[in-house]
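Please look at the sequence and the structure below before reading on. The paragraphs that follow go through the parts one at a time.

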Amino acid sequence: PDPSPLEQRAARHAALGDPVRLAVVDELAASDRTPVELRQLFGLESNLLAHHLDVLDAAGLIQRTR
């Protein structure tokens, strides 16, 4: 079954509970950024950035485009 609205809200709050993910969302709210730009801004390895983006995407907080 689909998650309830309460479960969806909890997932969003959990995703934003990490300071790096919160900073990424803040940055993306201001401007679109490529993964390379985000890596440079936050000093992250590509696999760690990918993990953070996956969590944000799963929580419905970001949308990825090519």
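Predicted model: local features only at pLDDT ≥ 70, side-chain atom pairs only at ≥ 80, totals over all residues.

Helix H4 gives four residues to the lining of the largest pocket, and this is the largest share. Besides H4, helix H3 (35-42) gives two or more residues to the lining. In total, 15 residues line the largest pocket. Those nearest its centre are Arg33, Pro35, Gln63, Arg64 and Thr65. How much space lies in the largest pocket? The volume is about 410 Å³. Sorted by class, the lining holds seven nonpolar, four polar and four charged residues.

The next step is the chain as a whole. The protein chain has four helices and zero strands, so its pattern along the sequence reads α-α-α-α. The chain has 66 residues, and 20% of these count as buried. Taken along the principal axes, the C-alpha atoms fill a box of roughly 35 × 25 × 25 Å. Contacts can also be sorted by how far apart the partners are in sequence. Among contacts in the chain between residues at least 6 apart, 43% join residues at least 24 apart.

Now to the way the helices pack. Two packed helices are described by the angle between their axes and the distance between the axes. For H3 and H4, the angle is about 110° and the axes are 10 Å apart. H3 is therefore roughly perpendicular to H4, because angles of 65 to 115 degrees count as roughly perpendicular. On the H3 side of this contact are Pro35, Leu38 and Arg39, which meet Ser46, Leu49 and Leu53 in H4. The residues of the contact of H3 with H4 comprise four nonpolar, one polar and one charged.

By class, the contact of H2 with H4 has six nonpolar, two polar and one charged residue.

His52 lies in helix H4, which covers residues 46-58. Is His52 buried or exposed? Its relative accessible area is 7%, so His52 is buried, since buried means under 20%. Which residues does His52 touch, leaving aside its neighbours within four places in sequence? The partners are Asp18, Val20, Arg21 and Leu44. Arg21 is 31 residues away from His52 along the chain, yet their C-alpha atoms are separated by 6.1 Å.

Thr34 sits in the loop between H2 and H3. With a relative accessibility of 40%, Thr34 counts as partly exposed, because that class runs between the 20% limit for buried and the 50% limit for exposed. Thr34 and Val20 are 14 residues apart along the chain, and their C-alpha atoms are separated by 16 Å.

Note on methods: Residues numbered from 1 in each chain as written. Heavy atoms only, no water. Buried < 20%, exposed > 50% of the residue type's maximum accessible area, 1.4 Å probe, protein only. Contact = heavy atoms within 4.5 Å. Nonpolar A, V, L, I, M, F, W, Y, C, P; charged D, E, K, R; others polar. 1 Å grid on protein atoms, 1.4 Å probe; cavity = no way out; pocket = protein on both sides within 12 Å on 5 of 7 lines; lining within 4 Å. Points joined across faces, edges and corners; volume = space filled by probe spheres on them. Axes fitted to C-alpha atoms, helices over the stretch in contact; angles between N-to-C directions. Parallel < 35°, antiparallel > 145°, perpendicular 65-115°, else oblique.
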